[in-house]
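Biologist: Can you walk me through this model? Keep it short, please.

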Amino acid sequence: MDVVEFPEVVELNVGGKLLTTLLSTLRKEENSMLAAMFSGRHQISRDRHGRYFIDYDGNVFENILNYLRHGSIPPKERALEVFECAAYFGIESLGESLMMYQNVLYRKRITYLKEKLDKEQFRKLKQYAVTYFNKNFHPSEDKHFAFTSTNNCAYFEERDGERYLHHNQIPPTCILFGTGIKNVAWYKDEVHEELTRCLTHDLCELGFGTFCYYGFSLRLQCKWCGNSVCHAIVLRNKPWKDRAAHWKMP
């Protein structure tokens with residue numbers, strides 16, 4: 001294979017943004033994908049003016065160059081997107097430096113948890129929650145999503161093509177103890193904590209709440225099941241100060 005020769009000063013077109021840097025800068029992180037791209041072993045596409053083209057957001061990629069040039073770390077407002085860019089191009093030292101930002105550490109934790117999930121189960125659960133919230137809740141309302149297993153108040157009925165727990169009958173026969181909650185999205189399955197954390201995160205990212213919590217127990221009273229407990233998550237537009245001790249942020 002012929003070795004590609006690069007000039008000492010390299011002109012780049014990164015997603016339409018024109019950038020110029022030294023070849024040594026691009027090769028600085030020796031084990032990175034970026035260094036491999038400009039090692040001479042690979043052909044790189046060029047634009048019509050002969051600049052080397054990289055299909056990425058140029059405003060984000062510029063932070064990668066600034067780090068490779070003089071070790072500068074982006075501000076916290078850009079940390080997450082730069083972290084993802086550093087991971088894509090294999091700039092591991094920058095990724096490690098960005099771990100000082102809480103949102104980056106949190107995103108890495110969620111990504112790790114998602115890798116362990118049953119992806120199809122998570123997809124169905126997330127779609128169920130999105131569909132139910134869009135259909136039954138106003139954007140300004142607090143949104144509660146509760147999980148019940150066959151051992152916790154499991155009497156369901158079908159009505160007009162929808163599944164209902166019997167507390168939704170009129171008059172109600174299964175009520176929530178001391179919560180003030182009037183409307184709850186129910187899911188007939190018990191799920192593990194990692195899945196609820198990831199679901200809470202994704203629903204928050206989709207705009208269903210600004211403050212999202214998981215790990216709360218709702219007490220139920222039912223004339224069929226007696227007293228029982230189910231786990232729930234809640235999505236709110238304001239922090240829930242009076243109940244903060246009972247909830248965990250994802």
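Predicted model: local features only at pLDDT ≥ 70, side-chain atom pairs only at ≥ 80, totals over all residues.

**Helices, strands and cysteines**

Modeller: Start with a helix pair. Helix H3 (residues 58–70) packs on helix H4 (residues 79–89) at an angle of about 70 degrees, and their axes are 9 Å apart. Axes are lines fitted to C-alpha atoms, for helices over the stretch in contact, and angles run from 0 to 180 degrees between N-to-C directions. Helices (H or I, at least four residues) and strands (E, at least two) are DSSP runs, numbered from the N terminus.

Biologist: What does that make H3 relative to H4?

Modeller: Roughly perpendicular. Angles of 65 to 115 degrees get that word; under 35 is roughly parallel, over 145 roughly antiparallel, and the rest oblique.

Biologist: Which residues make the contact?

Modeller: From H3, Val-60, Phe-61, Asn-63 and Ile-64; from H4, Glu-81, Val-82, Cys-85, Ala-86 and Phe-89. Contact means heavy atoms within 4.5 Å.

Biologist: Cys-85 came up. Buried or exposed?

Modeller: Cys-85 counts as buried because its relative accessibility is 0%. Buried means under 20% relative accessible area, exposed over 50%, partly exposed in between (1.4 Å probe, protein chains only). Cys-198 is also buried, at 0%.

Biologist: How many disulfides?

Modeller: The count is 0. A disulfide would be a pair of cysteine sulfur atoms within 2.5 Å.

Biologist: Where does Cys-198 make contact?

Modeller: Look at helix H7 (residues 119–136) and helix H8 (residues 193–205). They pack at about 45 degrees, axes 11 Å apart. H7 and H8 are therefore oblique to each other. Cys-198 of H8 is one of the contact residues, and those of H7 include Phe-122 and Leu-125.

Biologist: Now strands. How does S1 run against S2?

Modeller: Antiparallel: 6 bridges join S1 (residues 9–14) to S2 (residues 17–22). Two strands pair if DSSP finds at least two bridges between them. Val-14 has Lys-17 in S2 as its bridge partner.

Biologist: What lies between them?

Modeller: S1 and S2 form a hairpin with 2 residues between them. Gly-15 in that turn has a positive phi of about 60 degrees.

Biologist: And S3?

Modeller: S3 (residues 52–54) runs parallel to S1, joined by 3 bridges. Asn-13 stands opposite Phe-53 there.

Notes. Residues numbered from 1 in each chain as written. Heavy atoms only, no water.
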